[in-house]
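Dear colleague,

I am handing over the structure we spoke about, and below it you will find my notes on what turned up in it. Please read them with the model open beside you.

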Amino acid sequence: HSQSQKNNSVESVLSSIRKYTGYSDCLPEDSILLMMLQNTIDRSHGVDISCLLREKKKKTIFEITEYVLACTRNGTQDIHDGIKLLTTHTTSENKSPFFILHAVGGKLYSFHPLANSLSASFLTYGLYSSAAAFRCNTMESCAELYVSEIQKVQRHGPYCIGGFSFGAWMAHAVSKRLIDAGESVQLLVLIDPVPMDAMDELILK
């Protein structure tokens with residue numbers, strides 16, 4: 001049954017790609033077609049393939065398909081509403097959780113390559129914009145929500161937390177809240193944080 005599901009997934013992704021490649025196994029050269037392909041994969045499968053399209057060596061449709069499947073294999077399964085396991089392969093169960101917070105768009109698919117590159121040491125969990133997060137109207141209320149989501153996976157510290165862009169400052173707020181509650185934060189990673197003077201415009205968007 002699981003093999004059948006996988007085949008269906010392969011067929012679905014290939015079908016999306018072949019709209020722009022026809023019977024060829026190579027990606028189109030036309031930049032407009034590539035943009036349309038990227039938008040279709042993003043919309044239909046929730047995966048950003050822009051990093052593959054920018055590479056000098058052209059990918060085949062099968063390499064694109066495998067990448068999309070690797071990104072979605074575990075990421076489609078919510079651990080709880082608002083948090084997903086992003087690591088799609090691991091060699092050991094004795095891994096520390098690493099929690100990474102979303103950027104402004106609230107999506108997680110761009111974190112899958114990072115999650116898998118960290119898989120030797122960490123199980124990476126992504127926090128995304130759930131319905132509850134959209135109801136938060138302050139950084140503090142968002143941080144409180146994300147702390148509760150993190151503690152559903154890991155009840156006590158030490159915690160490893162990171163964030164990208166807007167999520168970097170949210171990761172800082174979450175870490176501060178955990179420390180204020182008497183927990184320890186072993187690692188805080190801020191990836192390309194947005195300038196502080198732009199934060200007011202980004203909150204709730």
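A polar contact of 2.8 Å links the side chain of His 102 to that of Tyr 146, and please bear in mind, here and throughout, that this is a predicted model. As for where His 102 sits, it belongs to the loop that runs between strand E3 (96-101) and helix H5 (112-117). Its relative accessibility is 6%, and because buried means under 20%, His 102 counts as buried.

One of the residues involved is Tyr 159, whose bridge partner in E6 is Val 185. Together with helix H8 (residues 166-180), the strands E5 and E6 make up a β-α-β unit, and this unit is right-handed.

The space in the largest cavity comes to about 40 Å³. Its lining is formed by Leu 27, Leu 34, Leu 52 and Leu 53, together with Glu 55, Lys 57, Lys 58 and Lys 59. Sorted by residue class, this lining of the largest cavity holds four nonpolar and four charged residues, with no polar ones.

With best wishes

Methods:
Residues are numbered from 1 along each chain as its sequence is written. This is a predicted model: local features need pLDDT of at least 70, side-chain atom pairs count only at pLDDT 80 or more; totals for chains, interfaces and linings use all residues. Side-chain values use heavy atoms; hydrogens and water are left out. On a 1 Å grid over the protein atoms alone, a cavity is a set of points where a 1.4 Å probe fits but cannot get out, and a pocket is an open set with protein on both sides within 12 Å along at least five of seven lines; lining residues have an atom within 4 Å of a point. Grid points are joined across faces, edges and corners, and a volume is the space filled by probe spheres set on the points. Ala, Val, Leu, Ile, Met, Phe, Trp, Tyr, Cys and Pro count as nonpolar, Asp, Glu, Lys and Arg as charged, and the others, Gly among them, as polar. Helices (H or I, at least four residues) and strands (E, at least two) are DSSP runs, numbered from the N terminus. Buried means under 20% relative accessible area, exposed over 50%, partly exposed in between (1.4 Å probe, protein chains only). A polar contact is a pair of N or O atoms within 3.5 Å; within protein, one must be able to donate a hydrogen and the other to accept it, and residues adjacent in sequence count only if both atoms are side-chain atoms. Two strands pair if DSSP finds at least two bridges between them. A crossover is right-handed if, with the strands pointing away from the viewer, the path from the first strand over the helix to the second runs clockwise.
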